[in-house]
Amino acid sequence: MAAPSQASLLLQKQLKDLSRNPVDGFSAGLVDDSNIFEWSVTIIGPPDTLYDGGYFNAIMSFPQNYPNSPPTVRFTSEMWHPNVYPDGRVCISILHAPGDDPNGYELASERWTPVHTVCNFSIV
């Protein structure tokens with residue numbers, strides 16, 4: 001059996017940290033216990049917003065080279081938000097590959113960096 005990768009060890013730690021120190025309005029678990037690279041997450045709509053009281057489910061998929069590359073996020077719950085495509089895919093700067101934006105719309109500082117964790121972003 002192959003040794004766990006650095007990415008899988010980091011994801012295990014981050015998931016354990018989330019269970020020990022929950023983030024208000026956010027919960028996460030594995031889609032399948034045998035795959036640390038795919039998480040099922042629930043975001044609870046923040047108070048005093050259009051999303052207040054809503055429960056929004058999504059899948060976070062992490063690349064094998066995490067944290068050097070960002071995860072992808074796709075809502076499985078119906079969601080209307082300017083940063084969510086009709087198929088549920090999320091498009092926010094922090095989930096874009098690190099470095100300069102080839103289209104010139106985002107600063108490199110707005111994009112993913114390896115110091116980010118699951119808890120660094122929220123879209124609702």
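**Salt bridges and a strand pair**

E106 is buried, with a relative accessible area of 16% (buried means under 20%, exposed over 50%, and partly exposed in between, using a 1.4 Å probe and protein chains only). This is a predicted model, where local features need pLDDT of at least 70, side-chain atom pairs count only at pLDDT 80 or more, and totals for chains, interfaces and linings use all residues. Residues are numbered from 1 along each chain as its sequence is written, and side-chain values use heavy atoms, with hydrogens and water left out.

**Salt bridges**
- Searching the whole structure turns up 4 salt bridges (a side-chain nitrogen of Lys or Arg within 4 Å of a carboxyl oxygen of Asp or Glu).
- E106 has one with R111, and their closest N and O atoms are 2.5 Å apart.
- R111 counts as buried too, at 7% relative accessibility.
- D101 joins E106 and R111 in a network of salt bridges.
- K13 and D17 pair up at 2.7 Å, N to O; they sit 4 residues apart in helix 1 (residues 6-20), about one turn of the helix.
- K13 is partly exposed at 49%, and D17 is partly exposed at 29%.

**Strands 3 and 4**
- Strand 3 (residues 55-61) and strand 4 run antiparallel, joined by 4 bridges (strands pair if DSSP finds at least two bridges between them).
- Helices (H or I, at least four residues) and strands (E, at least two) are DSSP runs, numbered from the N terminus.
- M60 stands opposite V73 in strand 4.
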